[in-house]
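Please look through the sequence and the structure shown below before reading on. The report that follows takes up aromatic rings, salt bridges, charged surface patches and backbone angles in turn.

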Amino acid sequence: MAERLARIFGTEEDRVNCPFYFKIGACRNGAQCSRLHNKPISSTSVLIPHMYQPPPASIAIAEGQQVDDDVADEAQDHFEQFYKEIFMELCNYGQIEDIVVCDNVGDHMIGNVYVRYTKEEEAANACMQLTGRYYAGRQLTCELSPLTDFKESRCHQYGDGACSRGGYCNFCHWKHVPKRVKRRLFRSMYDEHPEYLEEEEGRAGRDRDRG
């Protein structure tokens with residue numbers, strides 16, 4: 001019995017725990033869900049719901065509508081500016097491993113920002129510092145998220161450009177961040193917080209010693 005419960009935990013077969021909350025840290029049924037949302041007491045990941053406010057063109061693109069190239073470029077520029085701004089703010093609370101933003105347009109996922117730090121205490125600090133603050137005129141709420149593997153939670157069909165559910169899919173459609181943008185942001189993070197790089201080098205040295 002115990003083996004079966006462990007095997008089905010967080011899957012569709014689990015009639016007690018919500019599989020969508022377990023997999024993506026969000027559920028379209030919210031508090032009305034018939035299954036449990038097991039909120040973690042510790043995690044390296046933070047969810048900031050609806051932090052990104054996508055322009056109409058971004059929503060249209062996510063829904064599969066055709067837009068002019070110039071409009072699409074403006075929408076991407078809008079997102080990249082947002083991404084750069086929040087990355088440099090969020091790295092003040094700890095060393096960032098990754099930030100992803102939902103391209104989904106369902107009410108429970110639109111604009112969700114997920115941040116993964118290297119340490120649980122950094123994620124907890126970010127949650128404490130950010131909750132109640134304002135961004136773009138809106139008060140932020142933050143929570144620790146069970147979602148720590150951003151690749152596992154993504155919609156694989158979306159990655160192949162063939163998701164039949166479009167923007168209303170219940171698996172994560174991550175907005176595209178060019179590699180060059182990420183590289184520059186990580187360099188900027190280490191320039192502003194050299195202590196993160198020292199910790200990284202220290203961990204690498206300990207791993208070599210153990211090897």
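## Aromatic rings

With a relative accessibility of 5%, Phe-82 counts as buried, because the limit for that word is under 20%. The model in which this residue sits is a predicted one. Tyr-52 is likewise a buried residue, its relative accessible area being 2%.

The search for ring pairs gives a count of eleven aromatic pairs. Tyr-52 and Phe-82 make up one of them, a tilted pair whose centres are 4.7 Å apart and whose planes form an angle of 45°. This pair links distant parts of the chain, since Tyr-52 belongs to the loop between E1 and H3 while Phe-82 belongs to helix H4, 30 residues apart. A tilted pair is also formed by Phe-79 and Tyr-83, with 5.8 Å from centre to centre and 55° between the planes. Because Phe-79 and Tyr-83 are four residues apart in helix H4, about one helical turn separates them, and both of these residues are buried. Ring pairs join Tyr-52, Phe-79, Phe-82, Tyr-83, Phe-87, Tyr-135 and Phe-186 into a cluster.

## Salt bridges

How many salt bridges does a search of the whole structure find? The search finds five, and among them is the one in which the side chains of Lys-39 and Glu-143 meet, at 3.5 Å from N to O. Lys-39 lies in the loop between helix H2 and E1, and Glu-143 lies in strand E6, so this pair ties together parts that are 104 residues apart in sequence. Lys-39 is exposed, with a relative accessible area of 53%, whereas Glu-143 is partly exposed, with 24%.

Another salt bridge joins the side chains of Arg-116 and Glu-97, at 3.0 Å from N to O. Since Arg-116 lies in strand E3 and Glu-97 in strand E2, the pair ties together parts that are 19 residues apart in sequence. Arg-116 is buried at a relative accessible area of 17%, while Glu-97 is partly exposed at 39%. In a further bridge, the closest N and O atoms of Lys-175 and Asp-103 are 2.9 Å apart. Asp-103 is in the loop between E2 and E3, and Lys-175 is in the loop between helix H7 and H8, so parts that are 72 residues apart in sequence are tied together. Asp-103 is buried, with a relative accessible area of 13%, and Lys-175 is buried as well, with 14%.

## Charged patches on the surface

A patch of negative charge on the surface gathers Asp-68, Asp-69, Asp-70, Asp-73, Glu-74 and Asp-77. Of these residues, Asp-70 lies in helix H4, which spans residues 69-90, and Asp-70 counts as exposed because its relative accessibility is 59%.

A patch of positive charge, also on the surface, is formed by Lys-84, Lys-179, Arg-180, Arg-183, Arg-184 and Arg-187. Which helix gives the most residues to the positive patch? Helix H8 (residues 179-192) does, with five residues. Arg-180 is placed in helix H8, and at 40% relative accessibility Arg-180 counts as partly exposed.

## Backbone angles

Most residues other than glycine have a negative phi. His-50, however, has a positive phi, near 60°, and is found in the loop between strand E1 and helix H3. His-50 is partly exposed, with a relative accessible area of 24%.

Ala-136 has a positive phi as well, near 55°, and lies in the loop between strand E4 and strand E5. Ala-136 is exposed, its relative accessible area being 64%.

Terms used
Residues are numbered from 1 along each chain as its sequence is written. This is a predicted model: local features need pLDDT of at least 70, side-chain atom pairs count only at pLDDT 80 or more; totals for chains, interfaces and linings use all residues. Side-chain values use heavy atoms; hydrogens and water are left out. Patches are made of residues with over 30% relative accessible area and no salt bridge: like charges are joined within 9 Å, nonpolar side chains (Val, Leu, Ile, Met, Phe, Trp, Tyr) within 5 Å. Accessible areas come from the Shrake-Rupley method with a 1.4 Å probe; for residues, only the protein chains shown count as cover. A salt bridge is a side-chain nitrogen of Lys or Arg within 4 Å of a carboxyl oxygen of Asp or Glu. Lys and Arg count as positive and Asp and Glu as negative; His and the chain ends are not counted. The place of a charge is taken as NZ of Lys, CZ of Arg, CG of Asp or CD of Glu. Helices (H or I, at least four residues) and strands (E, at least two) are DSSP runs, numbered from the N terminus. Buried means under 20% relative accessible area, exposed over 50%, partly exposed in between (1.4 Å probe, protein chains only). Rings of Phe, Tyr and Trp (its six-membered ring) pair if their centres lie within 6.5 Å; planes under 30 degrees apart count as stacked, over 60 as edge-to-face and the rest as tilted.
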